[in-house]
Amino acid sequence: MNTYKIPFETAGLYGKMFLDYLSEKEEIKPLYQHSPQLSSFDQIIENRSDFTDASRQRLVQSLHEQYSKIEDYPSEQIDLLLDKNTYTIITGHQLNIFTGPLFFVYKIAATINLCKQLKEKYPDKNFIPVYWMATEDHDFEEIASFQLGGRKYTWEHPNASGPVGRLSLEGMDQILDRIKDMPALFVNAYRQSENLTEASRKIVNELFKEFGLVCVDADHKILKEPFREIIKKELFEGVSYQKVTETNAVIEAQGYKTQIYAREINLFYMEDGVRLRLEKTAEGFQTVGGDYKWTSEEMNLLVDESPEKFSPNVVLRPVLQEVLLPNLAYLGGPAEVVYWLQLKSAFDAYNVKYPMVLPRGFCLVLDGHFSEKWRKSGWPLEELLKPKREIEEQLLDTNESVDTDITSELVKIELAYNDILTKASAITPNLKKHVDAEMTRMQKRVQHTQNKLRKEGKRKIQDDIERVLCIRECLLPNNAPQERIVNLIEFWPKNVDFIPELIGELDPLSFNLNVMVGD
């Protein structure tokens, strides 16, 4: 496939704060520590050199246990994490069934791409791409559907409560049985696993194992142990609420929109089938609704004995990632990049290293007959990303066989009325108001005629319009980027080189939307 690069600013699909961060606008600089460029990694690596041997040993032990049910897993990559010269690059995402929309795959591909770049720049060091599995999320509806061939498939689970990673795979057979030629990768993972975490790890491992990707699930007791003190500080001092609220005020004062808001406690209480938000009470703490209650002393003891029962929300999860891993950078979408910029002061308050924040990979694909249609159209790819109405107007204005421009006629009408006004004023000034009113009425009638001309002109070239909008619909189905709608199975495994090509093209430091076009 051939890949075309469209700068983010030209694509017109991304928000102002996201773009201002990548262009390093002065007003954004207080919100981050490291400029989003390759040269910044010298300092980041130096800052992360203090990641302890004990932390590395805990991490490696946990990862080997997490992969215990997969025979062919990246054990050598995991063992490299024992080396003080080994670092990670993280991207994270929910456990969407069947990998969900394509941008999940693009996230991982860009993470691997960056690790390759860093290995070339620092050959004496190792860089491990990491997929942070959002196993503790409890929003089942967000992960339970995917689209394939224009059809939506939804997982009907009999008891979809609590952290999604712990859910059994009941009901998944209904989807597997409905889709013809379902890749064996998904069939085996969903039919031979105990829960969604295990199945998702098997799928991602099979797709990316040759590229050294490591999946990390924080829902593991020994991984939560070093998080105890932060959990206590969050419960008893409300540190992140104060810091994030202050940062949000600064961001909003500059005219930007924030993505997240901190709560007074940014933790959930979690066990099988349960993930409930914690709040303070006069006596201590409780889950929202009061099903579980603790005194302050009981809560302190619970943190000491069972840190795995505490699950961070969107505010604290990034902090947990950086506590557990020798990480250098996080790759996320536009909304993620913005909310990471809201969190630096919380990182500082908890004395946790803040990584570089980078955009994930962005890609749209034109293959099969769509690639041929695009070549015949002659339209620049960036023009196809414009709103439909703009495309229709542009096609009408550039079509030589349909002339709807009446500018010159309008000039003649205006000159005629000016002559009439001159004559009327010579007779009596009282006629000026009458002539002006007639002129206004005429302008409205002519404008109505102009609109009718353009409407009929578009109808006459409707075939031309539909040919171009058909290509646009492939890139932006229902006006949403293809990567947020279409599933991996549309392109893989029929194109076995699809993932390697993505890894080669999706450079998170280039700040481009990639459009891959079939030969």
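Where is the place of Pro 493? See the first view below.

**View 1. The cis peptide bond between Trp 492 and Pro 493.** This is a predicted model, where local features need pLDDT of at least 70, side-chain atom pairs count only at pLDDT 80 or more, and totals for chains, interfaces and linings use all residues. Residues are numbered from 1 along each chain as its sequence is written, and side-chain values use heavy atoms, with hydrogens and water left out. Pro 493 sits in the loop between α22 (462-475) and α23 (498-505); helices are DSSP runs of H or I with at least four residues, strands are E runs of at least two, and both are numbered from the N terminus. Omega for the Trp 492 to Pro 493 bond is about 15°.

**View 2. Glu 24, a non-glycine with positive phi.** Its phi is about 55°. You'll find Glu 24 in the loop between α2 (16-22) and α3 (41-47). At a relative accessible area of 22%, Glu 24 is partly exposed (buried is under 20%, exposed over 50%, partly exposed in between, using a 1.4 Å probe and protein chains only).

View 3. The loop holding Asn 351 runs between α17 (344-349) and β13 (356-359). Asn 351 counts as exposed, at 72% relative accessibility.

**View 4. Residues 364-515, as listed by UniProt.** The unreviewed entry labels this span "domain: Bacillithiol biosynthesis BshC C-terminal coiled-coil"; positions follow the numbering used here, feature names are shortened, and annotations may be inferred rather than shown by experiment. In the model, the span is 61% helix and 5% strand, and its end C-alpha atoms lie 5 Å apart.
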